[in-house]
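Subject: Structure handover

Hello,

Here is the structure I promised to pass on. My notes follow below it.

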Amino acid sequence: MKTGTQATPHSFRPECALDYMPVQELRQVQLNRLRAVVQRAWDRVPLFRSRMNERGLLPEQIRSLSDAAKLPFTVKADLRDTYPFGLFAAPMREVVRLHASSGTTGKPIVVAYTQEDLEIWTSVMARALAACGVQEGDIVQNAFNYGLFTGGLGYHYGAERLGATVIPASGGNTERQIMIMRDFGPTVVFSTPTYFLHIVDRAEQLGVDLRELPVRIGFFGAEPWTDAMRSRIEQAAGIKAYDLYGLSEIIGPGVSVECPYQDGSHIFEDHFLAEIIDPETGQVLPEGEEGELVLTTLSKQAMPLIRYRTRDISALMPGTCACGRTIRRMRRVERRSDDMLIIRGVNVYPSQVEAVLLEFDGTQPHYQIILTREQDLDQMEVQVEVTQKIFSDKVAAMEVLQKKLSDAMRQVLQTRVQVTLVAPSTIQRSEGKAKRVIDRRKI
Amino acid sequence: MKITQLSVFAENKPGYIIAPCRRLADAGIRIRAISLAETKAFGVLRMIVSDWKSATRLLEESGFMVRPTEVLAIEVPEGPHGLSELLLAVEKTALNIEYMYAFPYGHADKGILVFQFDDLDAAVERLQQAGVNLVSREALQEIYGD
């Protein structure tokens with residue numbers, strides 16, 4: 001690990017004061033805000049009011065935090081069905097910003113912010129970045145896309161708030177990213193984990209050793225990632241890699257962040273109420289159990305979401321973190337409930353494929369799963385981008401590698417997998433997030 | 001004594017062989033020899049070109065996966081038994097052949113075999129001992145006049 005300031009876990013930053021609020025007080029803040037946001041949604045969002053009516057539930061019946069379990073869920077389809085502005089709870093003249101999801105399937109979803117919402121967003125992002133040591137004097141390279149996607153601007157304003165120097169590199173143009181890393185000397189990078197791995201790969205090809213550069217920490221998010229990806233990033237770039245979780249529907253990046261202990265991501269609970277539910281039954285699960293993360297925005301005005309089902313699989317971690325923060329932690333999201341594939345009756349997650357690729361020397365987790373059905377039998381093909389390291393003039397060597405990958409995947413996934421090597425950068429990426437699964441099975 | 005060959009990764013998709021060739025043609029780079037090794041899923045296009053450094057840069061810039069590798073070019077002796085005599089000489093060296101392809105040598109009625117061995121240095125040594133005529137990079141350039 002290179003020298004330079006790593007955040008010391010106990011170094012207190014004024015931006016982070018709210019992270020240490022006494023628990024009793026925090027729960028009271030949450031309850032007050034929950035009641036207010038439920039009232040606001042009831043008053044202003046017809047869909048929410050009709051769902052409450054169906055349940056015979058009135059806002060004043062929410063008297064404790066556990067009463068949240070009575071409230072109806074909001075799902076992604078609700079945002080699509082009310083496209084574009086149907087869930088807004090503020091008139092357009094109060095809305096100062098619109099963002100939209102990438103919309104890889106069908107229409108995008110639109111989210112809105114009042115001036116106050118933007119202030120909250122900036123403040124949680126500043127808290128998140130400060131937690132891992134970003135400060136005045138840091139130079140930050142932001143490789144999240146600027147535009148409709150919340151990633152670019154969300155990170156941008158948070159870093160600026162801390163007085164850091166922001167380079168709005170945006171996504172793509174990998175060689176330029178590397179040039180900036182070399183010439184501008186950023187100490188911090190922001191990126192999706194898969195895009196950063198791509199940068200790492202390209203830098204290696206160009207003979208640029210990222211470990212020699214001043215960059216010392218990175219924040220990664222916007223897609224599920226695993227421990228294996230983290231260690232690959234940390235080793236190849238000589239940085240500490242932190243998880244920064246968020247989603248556009250809730251606010252964008254800034255829902256939770258790791259602290260230097262890297263043991264779960266602290267949720268900014270004063271603004272977001274987190275629950276874990278059984279994705280099948282919708283029942284709230286006790287602390288520590290794995291399930292689907294459900295989030296309620298406690299303070300957003302333009303588009304409050306009540307019990308939004310994120311589809312992200314996580315768990316609320318029991319106990320307090322060694323860093324002393326009182327806000328609770330969620331386990332880093334490694335997979336999504338709607339990522340689960342059932343192939344010949346076997347449950348398969350794309351993250352398992354990724355883990356195999358990361359264990360192999362020379363392969364990158366740039367892959368795509370293609371599902372087809374031949375004679376009533378599911379076929380799973382994993383396309384893997386060929387890298388400089390594994391490409392050879394000898395066909396036999398590559399066939400051996402393909403076979404090894406297939407075997408390893410079969411071991412882990414318990415189902416037959418055909419691995420196909422494909423040309424570099426052919427797997428579709430949107431917003432720097434990879435599209436992992438193409439299901440062509442006609443059922 | 002070795003020459004440089006370019007290998008280009010080719011998916012089994014329409015256009016994947018034409019595209020790199022067209023790219024080189026547009027830049028005025030000559031392809032002296034070409035061979036495709038294919039599997040069910042992908043292929044490797046192997047080429048001997050007039051300027052392998054520019055060709056590599058060009059193809060990489062166009063998004064192709066390219067690998068320059070060294071191979072041996074052996075001149076096939078003249079006469080009706082030229083080829084079989086050469087192959088016999090190679091076989092006697094007990095070298096392990098990875099792949100081989102042929103191309104005509106300039107305008108003369110001659111041929112060149114491109115060989116990849118699993119141990120290229122050992123191959124150079126043993127083939128020279130066996131009196132086999134290895135064609136150098138310079139000799140190739142001279143023949144083609146570039």
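Among contacts in chain B between residues at least 6 apart in sequence, what percentage join residues at least 24 apart? The share is 65%, with a contact meaning C-beta atoms, placed from the backbone, within 7 Å.

This is a predicted model, where local features need pLDDT of at least 70, side-chain atom pairs count only at pLDDT 80 or more, and totals for chains, interfaces and linings use all residues. Residues are numbered from 1 along each chain as its sequence is written, while chains are lettered from A and ligands numbered from 1 in the order in which they are written.

Chain B first. Five helices and six strands make up its elements (DSSP runs, numbered from the N terminus: helices are H or I, at least four residues; strands are E, at least two). Along the sequence they read β-α-β-β-α-β-α-β-β-α-α. The C-alpha atoms fill a box of roughly 40 × 35 × 25 Å along the principal axes. In chain B, 25% of the 146 residues are buried (20 or more other C-beta atoms within 10 Å of a residue's own, C-beta atoms being placed from the backbone).

Now the contact between the chains. Chain B gives 16 residues and chain A gives 14. On the chain B side, strands S1 (2-11), S3 (42-49) and S4 (66-75) of chain B each give two or more residues. S1(B) has the largest share, four residues.

One residue to look at in chain A is Leu129(A). Leaving out residues up to four places away in sequence, Leu129(A) touches Val134(A), Gly158(A), Ala159(A), Leu162(A) and Phe219(A).

Best wishes

Key: Two residues are in contact if their C-beta atoms, placed from the backbone, lie within 7 Å. A residue is buried if 20 or more other C-beta atoms lie within 10 Å of its own, exposed if 12 or fewer, and partly exposed in between; C-beta atoms are placed from the backbone.
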